[in-house]
Amino acid sequence: MKTTLTALSLILASMTATAMPSHNLDISVFVNNGAATVKVFRDGMPVEGASVTTNKFSAVTNDEGSTFYNLVSQRSQYVEFTVTDDEGNSQNVKRFITRER
């Protein structure tokens, strides 16, 4: 029972992660089979043009404050996203990206 609850907790925790607000930025990462959608908001409004980078990826958020990341590796792994807004405020969020087989 304890193992089942632990596994369920890990699954639920891996579905969505939200970074703590910094410089009024809210970052959410939604994971789905080796990919992730990164959404950036400031005071509840989408942040267009924010830079989202990892060690092998760089993109800019669209008018809905989001961008899409596809895991390069065939293995599940932690990915650290760095988000920088147009004012130069930067924030990191680390997320486990799962790859289903």
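Trainee: How many aromatic pairs does a search of the whole structure find?

Mentor: A pair of aromatic rings is described by the distance of the centres and the angle of the planes. The search of this structure finds 3 aromatic pairs. Rings of Phe, Tyr and Trp (its six-membered ring) pair if their centres lie within 6.5 Å, and planes under 30 degrees apart count as stacked, over 60 as edge-to-face and the rest as tilted. The model is predicted: local features need pLDDT of at least 70 and side-chain atom pairs count only at pLDDT 80 or more, whereas totals for chains, interfaces and linings use all residues. Residues are numbered from 1 along each chain as its sequence is written, and side-chain values use heavy atoms, with hydrogens and water left out.

Trainee: Which rings are linked into a cluster by ring pairs?

Mentor: The cluster consists of Phe57, Tyr69 and Phe81. The ring centres of phenylalanine 57 and tyrosine 69 are 5.0 Å apart with the planes at 85 degrees, so this pair is edge-to-face. Phenylalanine 57 belongs to strand β6 (residues 57–60) and tyrosine 69 to strand β7 (residues 66–70), 12 residues apart; strands are DSSP runs of E, at least two residues, numbered from the N terminus. Tyrosine 69 also forms an edge-to-face pair with phenylalanine 81, at 5.3 Å centre to centre and 90 degrees between the planes. Because phenylalanine 81 lies in strand β8 (residues 77–84) and tyrosine 69 in β7, this pair ties together parts that are 12 residues apart in sequence.

Trainee: Are tyrosine 69 and phenylalanine 81 buried or exposed?

Mentor: In soluble globular proteins, nonpolar side chains tend to be buried together. Here tyrosine 69 is buried, with a relative accessible area of 6%, and phenylalanine 81 is buried at 0%. Buried means under 20% relative accessible area, exposed over 50%, and partly exposed in between (1.4 Å probe, protein chains only).

Trainee: What is the strand order of the open sheet of 4 strands?

Mentor: Strands of a sheet pair through backbone hydrogen bonds, either parallel or antiparallel. In this sheet the order is β6-β5-β8-β9, with antiparallel pairing; two strands pair if DSSP finds at least two bridges between them. β6 and β9 stand at the edges with a single partner strand each, so one side of each is left without a neighbour in the sheet. Between β8 and β9 the antiparallel pairing runs over 8 bridges, and glutamine 77 stands opposite isoleucine 97 in β9.
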